[in-house]
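This report describes one protein model, going from its strands and helices to individual residues. Please view the sequence and the structure together while reading.

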Amino acid sequence: MSMPPAPQSPYQTPLSPWGAPLPAPPEKSRVGLMVGIIGGVFLLIVALLTTLVLVGKKIESGFPRAEYALTVPRTVLDGDDELTRDESATLGRAMERSWRHSWDAEAVHGLVARYRPVSGDRGELTVTAMYGRFRNTAGVRARVLAANRARATQVKVLVPPQDVTPSGSRVRVDCEVLTRTWGDGTKLTYPVCVWVDGNTWARVAYMTLDTAMNVDLKNEARTTLRIRSEMVRPIR
């Protein structure tokens with residue numbers, strides 16, 4: 001009696017009908033696989049770059065045109081106050097560095113100027129300003145006002161910021177009243193006003209050595225706009 005054929009191992013090379021071994025199936029090309037992977041990565045990079053370009057254009061489109069700049073005049077308020085210190089090259093540059101990477105500011109230039117009255121002693125007038133391209137003016141205004149309170153232990157808010165824009169002005173002016181205390185206990189109460197537009201902003205501090213609480217903020221806002229008209233210059 002003949003013995004049944006031994007079962008084939010599943011790992012045994014299959015035979016053709018003629019008993020010859022069948023050729024092994026060709027292996028998948030490694031070159032083709034690598035080309036596919038590289039091609040997919042390249043397409044992903046192109047898609048990301050395209051998205052970044054579109055986002056950049058959208059961000060760029062949100063900025064106004066640069067039409068106005070600021071100067072540091074020798075005098076302000078029709079000659080009543082004269083320049084005593086121009087710190088734009090030091091404090092102004094430091095301010096530029098802090099704003100350079102802001103999403104709401106572009107091509108910024110910082111100015112810091114201090115003025116004193118030509119006659120009398122009403123204290124110091126400090127103008128901290130910047131020109132460039134600004135969007136989201138409400139957010140910029142909030143940041144500029146918050147800078148007044150950077151020294152939390154020295155400066156306190158007596159009257160919070162409020163809109164005191166003079167009638168007929170197209171530029172909004174916010175003012176507040178602060179008090180600053182020195183180490184020897186000396187206190188100074190003074191108003192601060194801020195304007196912000198698409199090309200310029202300024203924080204005007206009237207260090208008048210007046211500790212009275214009944215500061216006329218509407219009058220200070222009008223004075224701020226006078227200073228603005230003397231500092232703003234069209235870009236030619």
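The sections below cover the basis of the model, the sheet, a helix packed on it, the disulfide, the salt bridges and some single residues.

## Basis

The model is predicted: local features need pLDDT of at least 70, side-chain atom pairs count only at pLDDT 80 or more, and totals for chains, interfaces and linings use all residues. Residues are numbered from 1 along each chain as its sequence is written, and side-chain values use heavy atoms, with hydrogens and water left out.

Helices (H or I, at least four residues) and strands (E, at least two) are DSSP runs, numbered from the N terminus. Buried stands for under 20% relative accessible area, exposed for over 50%, and partly exposed for values in between (1.4 Å probe, protein chains only).

## The sheet

Eight strands form an open sheet in the order β2-β3-β4-β5-β9-β8-β7-β6, with antiparallel pairing. Two strands are taken to pair if DSSP finds at least two bridges between them. The edges are held by β2 and β6; each has a single partner strand, so one side of each is left without a neighbour in the sheet.

Nine bridges connect β7 and β8, which pair in the antiparallel sense. On β8, Y190 is the bridge partner of L178.

Helix α3 (residues 137-147) has V140, R141, V144 and L145 buried. These residues are on the same side of α3, because they cover an arc of only 135° around the axis; the arc is that of the directions from the helix axis to the C-beta atoms. In general, an α-helix has 3.6 residues a turn, so residues three or four places apart point the same way.

The buried residues of α3 pack against α2 (88-99), β5 (124-134), β6 (155-163), β7, β8 and β9 (200-207), where contact means heavy atoms within 4.5 Å. The helix α3 lies across β5, β6, β7, β8 and β9, and runs at about 165° to β8. For such angles, axes are lines fitted to C-alpha atoms, for helices over the stretch in contact, and angles run from 0 to 180 degrees between N-to-C directions.

## The disulfide

A disulfide is counted when a pair of cysteine sulfur atoms lies within 2.5 Å, and by this rule there is one disulfide. It is formed by C175 and C193, with their sulfur atoms 2.0 Å apart. The pair links distant parts of the chain, 18 residues apart: C175 is in strand β7 (residues 173-181) and C193 in strand β8 (residues 187-196).

The link of C175 and C193 is right-handed, with 110° about the S-S bond. Both C175 and C193 are buried.

## Salt bridges

A salt bridge is a side-chain nitrogen of Lys or Arg within 4 Å of a carboxyl oxygen of Asp or Glu, and the structure holds 12 salt bridges. One of them joins E106 and R133 (2.4 Å, N to O). E106 lies in strand β4 and R133 in strand β5, so this pair ties together parts that are 27 residues apart in sequence. E106 counts as partly exposed at 26% relative accessibility, whereas R133 is buried, with a relative accessible area of 15%. Salt bridges that share partners also join R85, E87, R114 and E124 into one network.

Another salt bridge is that of R135 with D104, the closest N and O atoms being 3.5 Å apart. R135 is in the loop between β5 and α3, and D104 in the loop between α2 and β4 (105-117), so the two tie together parts that are 31 residues apart in sequence. At 19% relative accessibility, R135 counts as buried. The side chains of E96 and R100 also form a salt bridge (3.9 Å, N to O); E96 is buried at 8% relative accessibility, and R100 is partly exposed at 48%.

## Single residues

V72 lies in the loop between β1 (68-70) and β2 (75-76). Apart from neighbours within four places in sequence, V72 is in contact with L83, D86, S88, L111, A113 and Y115. Of these, S88 is found in helix α2 and counts as buried at 8% relative accessibility.

Most residues other than glycine have a negative phi. L77 has a positive phi near 55°, and D78 has a positive phi of about 60°. L77 counts as buried at 10% relative accessibility, while D78 counts as exposed at 64%.
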